[in-house]
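Please find below some notes on the structure.

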Amino acid sequence: MSVLARPLRAAVCSLLVLAGCAAVSPPAVAGPGCAAGGRAVRYVVAFDRGTPESSARQQASAGCGQVAVYYPQISVAVVTSSDRAFADRLGPERTFSAQATRTAAEQPGAAAQPARAELPLSDPARVPAADLSAQQWDMNLIGAPAAHQVTGGSRSVVVGVLDSGVDPKHPDLAAAIDPEDSAGCLTGVPDPSPAAWQPTTSAHGTHVAGIIAAADDGKGVTGVAPGVRIASVKVIDDRGYADPEAAVCGIMWSAARHLPIANSSWFVNPWSLSCVRGNDRGVVHEVLARAVEYATSQGTLNVAAATNEAVDLTPSAHSGSPSAAGKCEALPAGLRDVVTASAISQDRVKSGYSSYGLGVVDVTAPGGDDDRCVVSTVPGGYAPMCGTSMAAPHVAGVLALLKSVHPTWSAAELRRALDSRATPMPCPDNYDLTGDGVQDAYCSGYDGYNGFYGHGLVDARSAVAPAQTGGPSPAR
């Protein structure tokens, strides 16, 4: 699954210009030699840098495809084609389809995956009003209540929640939702209609949003930065997949809308982690790296969850460079310009499920474990979830506080301040979670920077303190 949460075991042209992409084309007409009548499949295509839109469309058409959207800043297109030979014509080293990959992996005669139940949006009158702050151990761990004595954040700061959609009717989120900056990205083409960015089958995005910005109103839960706003950018579909085209769309939308922070609690599907890599995975790495690097250059700092695979991750190369073979790569978490969060439990030890990696993990934050998860908003009320999905929005919330008190800071300055103000956490002397005498993972690095915790535990209280002078972060 692409969403990185572990439920508690018990228990249109003008719009596209704003998005930084070219207009959608009319329906494709198969040319001579193109197979017509098959199922239309979406592809992401990494064209050569600087490829004009006209050339990209011409190349796609020659390969029996039609450009649905083109992002000229990064020379990446989403193309649809019903011709199975499309990828071969354009070259598998620059073309990939998650849809086609999943279809090819299906076993003949296997039962179809059952559809998830529809998830109704909240009825504000029925959402419990009890104060759940006593259950928010996670907020106490990062000093959020103390930070709120100074500020809860500024409404001029909008955090992009790239996820499964956010419930705009939940009373703890209704005032925080920014519909003008929200969009659905499941097809790779941004769609700002409310139906495109609201949740349909998953509570995941609403839970993440509550960790960032749930209202400080004495009811329910309170987020890390309850005074900021959030944009719902839907990139996870109803089956739990975050396809590359949706991820690129969400990241590019965040940059075009000048969102200073974007949270990505997912990794790209259809595979699990890219521990065994082929050319197709290289395409996904390239398009995501280009998108993240461009967004960073435009002032959007992306936060990602380290994944729940409990593996030692390797840093991903910049765009234009191949990734190291034989290593475990998580996308987008491994990308150099992303702030990546591992998860810790209430006892301040890396959660057993949390992936890790020196040079990948930047900071750590509460994600919980099976004994105590993180309580946050879900459509209709509140619920606990565990995962690095929950750790990442704590980080995004702290960055939102930093941006609120330092509105002129760049993405690089926000990142340096986040790192320098984190509470250092050394590698544990003993990481035998099961008590069988065998270490469950090995932490490399030193007290101030290591593979389990990066620079340490994020600190909301420190984020709103007067500016400090900190040295640069170790290179990633």
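1. Annotated site. An unreviewed UniProt entry carries the annotation "active site" for Asp163, His204 and Ser389. These residues spread over 227 residues of sequence, yet they cluster in space, with a largest C-alpha distance of 10.0 Å. UniProt positions are given in the numbering used here, feature names are shortened, and annotations may be inferred rather than shown by experiment.

2. Basis of the note. This is a predicted model, in which local features need pLDDT of at least 70 and side-chain atom pairs count only at pLDDT 80 or more, while totals for chains, interfaces and linings use all residues. Residues are numbered from 1 along each chain as its sequence is written, and side-chain values use heavy atoms, with hydrogens and water left out.

3. Asp163. This residue belongs to strand β6 (residues 158–163); helices (H or I, at least four residues) and strands (E, at least two) are DSSP runs, numbered from the N terminus. Its relative accessible area is 0%, so Asp163 is buried. Here buried means under 20% relative accessible area, exposed over 50%, and partly exposed in between (1.4 Å probe, protein chains only).

4. Surroundings of Asp163. Contact means heavy atoms within 4.5 Å. With neighbours within four places in sequence left aside, Asp163 is in contact with His204, Gly205, Val208, Val233, Lys234, Val235, Ile236 and Ser265. The side chain of Asp163 also makes a polar contact with the side chain of Ser164, at 3.5 Å. A polar contact is a pair of N or O atoms within 3.5 Å; within protein, one must be able to donate a hydrogen and the other to accept it, and residues adjacent in sequence count only if both atoms are side-chain atoms.

5. His204. Helix α8 (residues 204–213) holds His204. The residue counts as buried because its relative accessibility is 3%.

6. Arg290. Is this arginine buried or exposed? Arg290 has 7% relative accessibility and therefore counts as buried. Arg290 sits in helix α10 (residues 279–297), and its side chain makes a polar contact of 2.7 Å with the side chain of Glu286. Outside the four places on either side in sequence, Arg290 is in contact with Ala46, Phe47, Arg49, Ile74, Ser75, Val76 and Ser319.

7. Disulfides, and the pair Cys185 and Cys249. A search of the whole structure finds four disulfides, each a pair of cysteine sulfur atoms within 2.5 Å. In one of them, the sulfur atoms of Cys185 and Cys249 are 2.1 Å apart. Cys185 lies in the loop between β7 (183–184) and α7 (194–197) and Cys249 in helix α9 (residues 244–256), so the link ties together parts that are 64 residues apart in sequence. The torsion about the S-S bond is about -60°, so this disulfide is left-handed. Cys185 is buried at 0% relative accessible area, and Cys249 is buried at 1%.

8. Cys373 and Cys386. The sulfur atoms of this disulfide are 1.9 Å apart. The pair links distant parts of the chain, 13 residues apart: Cys373 in the loop between β12 (363–366) and β13 (374–378), and Cys386 in strand β14 (residues 381–386). The link is left-handed, with -110° about the S-S bond. Cys373 is buried at 3% relative accessible area, and Cys386 counts as buried at 0%.

9. Cys427 and Cys443. Here the sulfur atoms are 2.0 Å apart. The link is left-handed, with -65° about the S-S bond. Cys443 counts as partly exposed, at 22% relative accessibility.
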